[in-house]
Amino acid sequence: MRPFTVVSVLLALAVQPILAAPTTDTIPSLLLERATAPPPCKRVLDPAPTANETAARFTTFVQAFVGAQGGKKNITKAFEFIAEDYINHNPMASNGAASAWSILSPIWQQMSHTYLRSTIKTEQTPVMSWVNYRAGGLGEVVDRFRWEGGCIVEHWDQGEKYPSS
């Protein structure tokens, strides 16, 4: 999906509740409780997390991000793994955890997500991970993340391909 289309869908989803002038009777209880941004993830560099520790953090992130593997989708929990100086390679988004939070937190919990697969390559430097899912209104998505010190520090989602091995 082209970046403009993705941003258009996200903006439409974010604005829809405002345009419909909902009342507290028509707003799902989930929306009445605003998500609160967690503190940014702090890198641990000495000693750095082991490969198994980083993989466990990735699993927890994926469960919270898209409700994978029996996890409950929770945008606040997912953002516990995002570093403050997070680099976002999506041309429609600014860098930083706060920018990503401002884009995703208003819409993420309401969007339907179907987890497809995920992988992390802890044996390489830098450590990279991929999450593949279907998102309501966006279609199939592959997000790629770079990890450092147990935190997500970089993100790509434009034309990303799931790794073949």
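**View 1. Arg-117 over the ring of Tyr-162.** The charged end of Arg-117 lies 3.9 Å from the centre of the Tyr-162 ring and sits over that ring. A charge sits over a ring if NZ of Lys or CZ of Arg is within 6 Å of the ring centre and within 35 degrees of the ring normal. This is a predicted model, in which local features need pLDDT of at least 70 and side-chain atom pairs count only at pLDDT 80 or more, while totals for chains, interfaces and linings use all residues. Residues are numbered from 1 along each chain as its sequence is written, and side-chain values use heavy atoms, with hydrogens and water left out.

**View 2. Arg-144 over the face of Trp-156.** Here the distance to the ring centre is 3.9 Å.

**View 3. The aromatic pair of Phe-58 and Trp-147.** The structure holds 11 aromatic pairs. Rings of Phe, Tyr and Trp (its six-membered ring) pair if their centres lie within 6.5 Å; planes under 30 degrees apart count as stacked, over 60 as edge-to-face and the rest as tilted. Phe-58 and Trp-147 are edge-to-face, with 6.2 Å centre to centre and 85° between the planes. Phe-58 belongs to helix α3 (residues 51-66) and Trp-147 to strand β4 (residues 139-148), 89 residues apart. Helices (H or I, at least four residues) and strands (E, at least two) are DSSP runs, numbered from the N terminus. Both residues of the pair, Phe-58 and Trp-147, are buried (under 20% relative accessible area, with exposed over 50% and partly exposed in between; 1.4 Å probe, protein chains only).

**View 4. The aromatic pair of Trp-108 and Tyr-133.** This pair is edge-to-face, at 6.1 Å centre to centre and 80° between the planes. Trp-108 lies in the loop between α5 (97-104) and β2 (113-121) and Tyr-133 in strand β3 (residues 127-135), so the pair ties together parts 25 residues apart in sequence.
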